[in-house]
Amino acid sequence: MKRSESTKRYWRSIHDLEQTPEFAAAQNNEFAGQIDQEWTTTSRRRFIQLMGASVALATATSCRWQEEKLLPLNDRNPGLTPGTPKNFSSILDSDGFAVGVKVTSFDGRPTKIEGNPLHPESLGATSTFAQAATLGLYDPDRSRTVIHHDESNAVDKTAADFAAVTAGIAAKKGAGSGAVAVLAEPSASPSMLRMKESFLKAFPQATWVDYSPIARDNEVAGSKIAFGLNARPYYRMSDAKIIVALDDDFLYEGPSALRLMREVTARRKPEAGWMNRIYSIEANYSLSGGFADHRLPLRSSEIGAFVKALRAKISGGTAPTLSAKHADEMLTAIASDLKANNGECVITCGPGQPAEVHAHVAALNVELGAKGKTVDYFKAQANGSGIDAVKDLVAKMNAGTITDMVILGGNPVYDMPADLDFGGALDKVTNSVRLGLYLDETSTKCTWHAPQAHELEIWTDGAAPEGTVSIGQPLINPLWDGLGTTEILARLIGAAQSSQEIVKQTSGLGSTAWRKALHDGIIAGSGAKPYRVKVKELPELATPMEGLELRFIPHFVLRDGRYANLGWLQELPDPMTKLTWDNAALISFATAERLGVKHESLVELTVGGRKLEVAAYLMPGHADDSITLALGFGRTDGGHVAGLNDDDVETVGFDSYKLRGSDAMDVAAVSLTATNKSYRLATTQDHFAMDAIGTEGSQSRLPNLVKENTLDGYEHDSTFAKHAADFWGDETTLWQELDSQKDTNHKWGMAIDLSSCTGCGSCTIACQSENNISVVGKEQVLRGREMAWIRLDRYFLGDAENPKAINQPINCAHCELAPCESVCPVAATTHSEEGLNDMVYNRCIGTRYCANNCPYKVRRFNYFNHNKDAALPGNEVLKMAANPDVTVRDRGVMEKCTFCVQRIERTRIESRNENRDTFIEDGAIKTACEQACPADAIVFGDLLDEDSRVLKAQSQDRAYKLLVELNNKPRISFLARIRNPHPSLEAHEAAEEVVSHG
């Protein structure tokens with residue numbers, strides 16, 4: 001099939017589009033993974049490591065959790081009721097900024113992260129990274145002891161030994177400090193900035209460099225060019241009617257992504273009044289691009305030319321010609337919208353764009369009246385020192401002028417530009433000291449390594465991008481006696497203090513204000529005032545790059561690689577590619593055809609003489625003559641999940657940093673050579689594919705699964721989503737409906753708004769954290785055995801050159817006439833009187849009849865005991881990550897979404913204890929997916945409560961249910977997606993639009 005051939009057939013993936021033999025095999029085996037294949041030595045080893053810790057961990061003696069006898073608790077802290085969770089406000093780091101969270105703790109053990117509704121950036125929502133923070137806390141691969149590397153031998157040392165090392169560096173304060181250097185990560189923490197200032201006063205000749213491989217420094221440099229200010233843009237989307245994103249995944253990337261998603265999606269509901277319109281111009285299909293009303297695939301190096309053309313269109317000048325198809329039509333539509341919505345529009349620019357492009361975008365925002373309304377500029381925080389400062393540091397290291405080096409966090413040996421050879425330069429430093437969470441690539445090259453405290457183990461503070469300061473309090477004592485970065489700096493300046501003393505001293509708060517700040521999670525009134533800006537003369541924009549470009553981007557969930565050892569994130573499918581456990585070179589169909597590249601073939605990329613062999617992924621909607629490659633993979637000392645050479649654990653994915661040079665950190669000229677080798681990528685998109693008969697049936701139903709319309713179409717017919725033939729009509733069923741005969745107090749249901757859902761995956765990780773869902777690894781994902789209880793189906797509409805996208809979360813529908821219940825021979829799946837489809841794990845014998853009979857394909861089977869190693873001696877830390885309110889399932893058991901029944905029951909008990917009443921106030925129960933969702937796309941509640949949000953949502957004109965013709969009567973309703981296209985582009989796109997599922 002040709003890539004642009006018009007087809008009305010839905011396609012699930014590239015394999016489906018091309019009808020490959022692999023897809024044909026998958027069709028014939030709808031329920032993937034039922035035939036056990038032989039394990040290879042490598043795959044078996046990897047699987048055992050994912051199930052738990054390594055063999056060495058079983059004999060670890062440094063764990064602080066000792067054996068406890070089952071005895072009455074006769075010495076209890078005031079206000080502590082055993083088994084009752086408590087919530088504490090704290091913060092987590094996001095690109096150097098603070099995001100407020102609420103942490104659930106059971107008997108002093110943090111188990112779940114939620115958003116802090118009082119924090120200006122989280123607003124009660126959480127990201128995938130925040131949800132996985134507890135897994136990082138209890139990661140058995142975390143560093144446990146002080147290590148001294150002596151002639152390539154790693155020797156365990158004591159905390160006293162490490163204290164002597166820091167004291168030795170501290171003795172070099174004053175005039176002789178020129179041989180001392182500190183390499184840290186950019187941070188907006190007031191305490192960190194204060195300690196940095198104190199250190200530089202004590203070591204006036206020392207070198208201090210702040211470095212992050214994904215620092216957002218270009219936007220600060222752009223503000224410097226445009227306004228002469230060290231400022232950072234702060235977007236406000238609540239009142240933005242027109243949003244133009246230039247190479248910017250603003251709904252997912254950056255420290256304000258949660259807030260921006262909440263603000264943008266609130267204006268995607270037609271019932272709420274006016275709808276915003278979103279344009280996305282980008283090289284690779286991002287989450288924001290998939291959510292946009294219009295999207296233009298354009299090379300990253302051409303964004304500057306696009307800005308120049310847009311300015312010309314707005315002013316009435318002559319716009320330069322762009323390479324992208326239909327670029328002129330898009331420019332005309334955007335220019336007309338921006339001029340018609342002066343003061344109610346905004347243009348965003350991605351962090352990978354050059355400073356000059358950021359400067360021109362900032363000037364355009366001022367000219368369009370956005371300043372002070374949809375964008376402000378605040379004092380820049382969490383700034384990197386710049387690549388020139390990094391080069392200067394490496395030069396000093398190579399010259400031998402740095403004798404003592406302190407590395408605080410980060411992983412520069414792994415993620416520094418390849419041409420700088422930071423690891424080689426580090427070998428020339430006499431005394432290198434590293435504070436890190438893991439004994440990783442950098443720590444193994446340093447003279448000394450000390451374990452770093454996790455964010456949930458230590459007192460911290462931080463600032464939001466607009467300046468609001470928050471206090472982060474520990475939820476547990478450091479498991480491995482870890483230290484914080486501020487504590488190390490305090491030792492170096494000779495003023496040893498605890499992290500709490502440092503943070504409290506920085507805050508300057510009295511006892512009452514301190515307690516309030518801890519309770520609220522923010523220091524009220526600490527936000528900064530925005531700058532007044534005036535546009536200066538702007539430089540010319542660079543011409544587009546010739547030939548093929550290579551884009552380096554942070555990975556969807558691994559970011560720069562810091563989260564690579566967290567299995568939850570490795571197994572979360574990318575929202576657009578559906579890739580797990582890998583990165584790949586994303587390339588357009590046309591470019592792949594021209595270069596002789598096939599999907600899942602290995603290609604050799606060359607940048608500046610550096611080469612890397614990587615798998616190719618043919619990506620729908622990708623810009624031509626551009627390749628996108630995610631960072632964060634190819635770890636050699638990441639851990640037993642990410643890769644660990646010392647223990648023969650293969651690396652996951654491809655190390656993109658081997659291609660990245662200091663002269664082209666974001667976009668580089670690249671050459672590609674195709675090979676005859678192939679590489680299998682683990683995606684979840686072909687799972688549950690059916691045979692020819694099933695495919696034909698699904699094709700006829702798919703238009704009723706994901707319903708969408710334009711705003712004009714919705715206003716013409718608001719009930720369009722309900723126009724579906726009901727096969728059963730008013731006929732009665734042979735199945736006895738017990739719900740209608742029972743006297744029940746509650747009828748639980750859910751509504752999911754497709755107009756709000758961006759496909760970010762926070763719901764999936766929140767469910768995994770809440771419900772103790774296992775990770776299975778790449779080998780099992782390839783066989784269709786992933787365990788996620790809520791999946792995100794991604795549908796494409798249109799040809800492969802530039803399709804539209806839509807996401808649909810799918811979990812157990814809790815059907816009132818559930819087909820799974822009627823086929824279970826042991827009544828393991830039953831219907832509760834409140835309408836929940838329950839699973840009785842102790843009854844389940846693993847027939848999997850229920851999975852075969854489920855039309856939504858949402859039931860998961862435990863082929864292995866994924867929690868076996870948690871019972872080994874010394875592995876207590878693994879068990880600490882589990883939610884004690886949820887049963888840990890064993891091998892041979894079917895499992896699926898329960899509507900977080902444990903939360904329902906806990907709230908019911910609390911309500912009865914407090915009020916002696918069965919009534920539960922609407923909103924008192926939030927499922928994990930609902931509570932985490934930054935887009936407010938999920939609503940859960942009682943359908944018997946006439947004032948409940950869920951009943952109101954299910955009563956909307958946009959509401960519809962899946963597969964109603966089967967008479968399952970699901971308890972979940974979906975609200976159809978509404979787009980707001982520009983009239984001139986709508987007619988053009990409608991003529992080309994086809995529908996596809998990939």
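How many bridges join strand β19 to strand β24, and in which sense do they run? Select residues 549–553 and 626–630: five bridges hold this pair together, and the strands run parallel. Within it, pick F552, whose bridge partner in β24 is L629.

Before moving on, some housekeeping. You're looking at a predicted model, where local features need pLDDT of at least 70 and side-chain atom pairs count only at pLDDT 80 or more, while totals for chains, interfaces and linings use all residues. Residues are numbered from 1 along each chain as its sequence is written, and side-chain values use heavy atoms, with hydrogens and water left out. Helices (H or I, at least four residues) and strands (E, at least two) are DSSP runs numbered from the N terminus, and two strands pair if DSSP finds at least two bridges between them.

**The seven-stranded sheet**

Now widen the selection around β19 and β24. They belong to an open sheet of seven strands with mixed pairing, ordered β27-β19-β24-β21-β23-β22-β28. Colour 667–669 and 671–678 to see the edge strands, β27 and β28, each pairing on one side only. On average, neighbouring strands here are turned by 35° against each other, direction ignored.

**The four-stranded sheet**

Next stop: an open sheet of four strands, also of mixed pairing, in the order β38-β31-β40-β39. Its edges are β38 (938–942) and β39 (959–960), each with pairing on one side only. Select 748–753 and 972–975 for β31 and β40, a parallel pair over four bridges. Here D753 has L975 of β40 as its bridge partner.

**Two crossing helices**

Jump to α11 (residues 303–315) and α12 (residues 327–340). Their axes (lines fitted to C-alpha atoms over the stretch in contact, with angles from 0 to 180 degrees between N-to-C directions) come within 9 Å and cross at roughly 55°. That makes α11 oblique to α12, since angles under 35 degrees count as roughly parallel, over 145 as roughly antiparallel, 65 to 115 as roughly perpendicular and the rest as oblique. Show side chains for the contact (heavy atoms within 4.5 Å): F306, A309, L310, K313 and I314 of α11 meet D328, L331, T332, I334, A335, L338 and K339 of α12.

**A salt bridge to finish**

Finally, select E121 and R259. Their side chains form a salt bridge (3.2 Å, N to O), the term being a side-chain nitrogen of Lys or Arg within 4 Å of a carboxyl oxygen of Asp or Glu. E121 sits in the loop between β3 (109–115) and α4 (128–131), R259 in helix α9 (residues 257–265), and the two are 138 residues apart. By that rule, the count comes to 50 salt bridges.
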